[in-house]
Amino acid sequence: MDSTIKKSILLGFFVLIGIILFIIGIFQIGAKNEMFEKTFPITAKFTNATGLKLGSNVRYNGVKVGIVKTVKLINDTLVQVDMQIEESKRSFIHKDAIATISSDGLMGDKLISIIPGKNNTGQQIQNFDLLQTHNPLNTEEVLQTLSESNENIKVITENLKMVSTELTTKNGPAQMLYKDTTLAKNLKQSFINLDAITGKVLIVSNTLENITMQIQNGDGALGKIINDTGFTNNLTNTFNKLNATSNELNRVSNGLSIFIEHANTSKGAINMLLADTAFAANVQQSMQNIKKASIGLNQNMEALKHNFLTRSYFRKQEKINNKIKESENK
Amino acid sequence: MEPNQKNETVFSKVIDEFFYGIAELVQFSFKVFKIGIQPPYEFREVWNQCYEIGIKSFILVGTTAFILGLVLVMQSRPTMVEFGAGAFLPAMSSISIVREIGPLVTALICAGKIGSGISAELGSMKVTEQIDAMEVSGTNPFKYLVATRIIATTLMIPILTVYADFISLIGAFFGSNIKDNININYYFNRVFESLHYTDVIPSFTKTFFFGFTIGLVGCTKGYNSKKGTEGVGKAANVSVVLSMVGVIVIDMVVTQITSMMGYL
């Protein structure tokens with residue numbers, strides 16, 4: 001074969017393979033970018049669309065369903081993101097679906113993640129529908145929170161270190177708590193006691209509950225006090241009467257007070273009785289005289305009982321008294 | 001006119017030569033378009049030059065591309081794994097290769113190999129007066145020698161770039177499999193998933209400009225070489241340097257345009 005023809009065949013093969021490789025590449029990229037698939041447009045609005053760009057993936061429950069078509073500012077706070085979704089995936093996406101901006105791994109490209117709505121209305125999404133959105137998690141905010149968490153962890157670690165040091169320090173109070181078996185036994189016993197007390201408290205609580213139930217049902221005195229309106233009225237009347245009595249007593253008390261004051265201050269007989277010591281001595285002397293006279297009178301009476309003139313009278317009186325006692329006994 | 005023919009300079013000898021070279025390139029490119037589109041067309045010579053440029057550069061370009069893809073992944077992997085981004089190696093390698101490494105490496109290799117070859121060939125023909133002989137025999141040397149080579153480089157560099165991209169991606173796949181165990185389907189799935197037309201079209205388009213620049217510079221310097229064999233060597237040398245600088249400047253401009261269009 002002529003070398004020129006060989007060269008031509010080789011060159012033709014070379015060029016053809018090159019073109020085929022290029023076309024395969026173009027078709028593969030097109031297929032991955034939804035160029036050859038029937039699609040429909042939907043929209044979402046975000047306050048922040050950092051990292052989103054033309055061709056970014058759109059995923060529904062983690063499965064790629066489309067791409068981002070445009071990202072444009074519509075006012076000073078909102079960014080509108082238009083998406084192209086594969087027609088074959090329309091039946092899975094409902095009107096109440098929620099769009100969020102997430103990333104493909106920690107450092108990967110930004111993408112739109114669509115998740116099913118909570119209402120599950122069952123209505124399929126339509127062309128140009130506006131999806132609800134959740135604003136993306138701001139990485140700076142996350143880092144800020146992580147920074148604060150790290151500070152907290154640092155403090156906690158230092159505290160743990162102190163506790164650990166205390167635990168390992170010999171004869172320290174923490175080690176005593178940690179290693180003292182007697183203390184542990186006591187603690188155990190305390191817990192057992194606490195358990196028993198808790199059981200009793202439970203019983204008391206049940207009893208109280210029963211009592212409360214009875215009171216609520218109107219059983220018993222307390223129940224009647226609380227629930228019986230008639231009893232309450234009576235009680236009210238009683239308290240009213242007690243109040244009136246109290247007022248009366250108060251009045252009497254006031255009177256007595258005035259009387260006592262008068263007795264103390266005036267020069268009447270009562271004041272003399274209470275305050276005059278000479279009068280008291282006279283009274284005492286008089287009482288002694290009366291006592292003596294009474295003894296003498298008793299002696300005289302005894303003498304009269306034995307006197308023949310008056311003895312019959314006393315005997316009659318005795319008989320009458322005996323008759324009365326017998327009739328009473330019968 | 002050529003600078004310093006009468007010991008007169010506009011700025012200085014070096015600056016004058018620089019601007020004269022630019023003017024020469026512009027004139028040459030206009031001439032290529034003007035004469036190249038006029039019949040008769042030298043298809044056979046274009047075909048021959050395509051063979052010389054495409055087939056004979058393929059092994060060099062392919063080997064370099066494979067090694068670069070392999071090395072790119074091997075070098076990037078430790079850092080990416082350290083950041084927990086090992087899974088993004090296919091995406092990273094594909095974007096790097098398709099956007100930049102494939103076209104640029106192909107163009108630079110071709111600038112070295114093809115640009116110097118064209119320049120030396122045309123320079124030899126010039127100093128041995130073969131070009132004058134062609135003119136005398138009625139053949140348009142510009143159409144036959146220059147236009148065909150520029151067309152061939154403009155057409156072959158993009159095709160070589162496609163091969164370079166593909167081979168480099170395979171090299172990157174092998175690079176990924178040295179320490180990981182990645183399935184080839186998964187790898188190429190991730191590669192095409194991370195690529196967009198906005199990556200492929202600008203990078204593929206710029207390869208035509210690379211090819212045109214390499215052919216144009218090589219032909220211009222070779223066609224205008226002077227001072228015998230020394231001039232041929234100098235023309236080849238200047239051709240390689242200018243081609244490479246031209247390729248890098250075009251790459252920068254295209255990247256800037258792509259960025260301005262919002263595709264980066």
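Modeller: Start with burial. A residue is buried if 20 or more other C-beta atoms, placed from the backbone, lie within 10 Å of its own, exposed if 12 or fewer, and partly exposed in between. Of the 264 residues of chain B, 43% count as buried. In chain A, with 330 residues, 10% count as buried.

Biologist: What should I know about the model itself?

Modeller: This is a predicted model, where local features need pLDDT of at least 70, side-chain atom pairs count only at pLDDT 80 or more, and totals for chains, interfaces and linings use all residues. Residues are numbered from 1 along each chain as its sequence is written, while chains are lettered from A and ligands numbered from 1 in the order in which they are written.

Biologist: How many helices and strands are there in chain A?

Modeller: Helices (H or I, at least four residues) and strands (E, at least two) are DSSP runs, numbered from the N terminus. Chain A has nine helices and seven strands. Chain B has eight helices and zero strands. Along its sequence the pattern reads α-α-α-α-α-α-α-α.

Biologist: In what order do the seven strands of chain A close into a barrel?

Modeller: Pairing comes first. Two strands pair if DSSP finds at least two bridges between them. In chain A the order is S1-S4-S3-S2-S6-S5-S7, with mixed pairing. Take strand S2 (residues 57-60) of chain A. S2(A) pairs with strand S6 (residues 110-115) of chain A in the parallel sense, over three bridges. S2(A) also runs antiparallel to strand S3 (residues 63-73) of chain A, joined by four bridges.

Biologist: Which residues does A:Val58 stand opposite?

Modeller: In S6(A), A:Val58 faces A:Ile112. In S3(A), A:Val58 stands opposite A:Gly66. Now follow A:Gly66 onward. Its bridge partner in S4(A) is A:Ile85. Seven bridges join S3(A) to strand S4 (residues 79-86) of chain A, and the two run antiparallel.

Biologist: What joins S3(A) to S4(A)?

Modeller: A hairpin, through five residues. The hairpin of S2(A) and S3(A) has two residues between the strands, and there A:Asn61 takes a positive phi near 55°.

Biologist: Which residues is B:Ala107 in contact with?

Modeller: Contact means that the C-beta atoms of two residues, placed from the backbone, lie within 7 Å. Leaving aside neighbours within four places in sequence, B:Ala107 touches B:Ile157, B:Thr207, B:Phe210, B:Ile214 and B:Val247.

Biologist: How many residues does the contact take from chain A and chain B?

Modeller: Chain A gives 20 residues and chain B gives 21. On the chain A side, ten are nonpolar, eight polar and two charged. Here Ala, Val, Leu, Ile, Met, Phe, Trp, Tyr, Cys and Pro count as nonpolar, Asp, Glu, Lys and Arg as charged, and the others, Gly among them, as polar.
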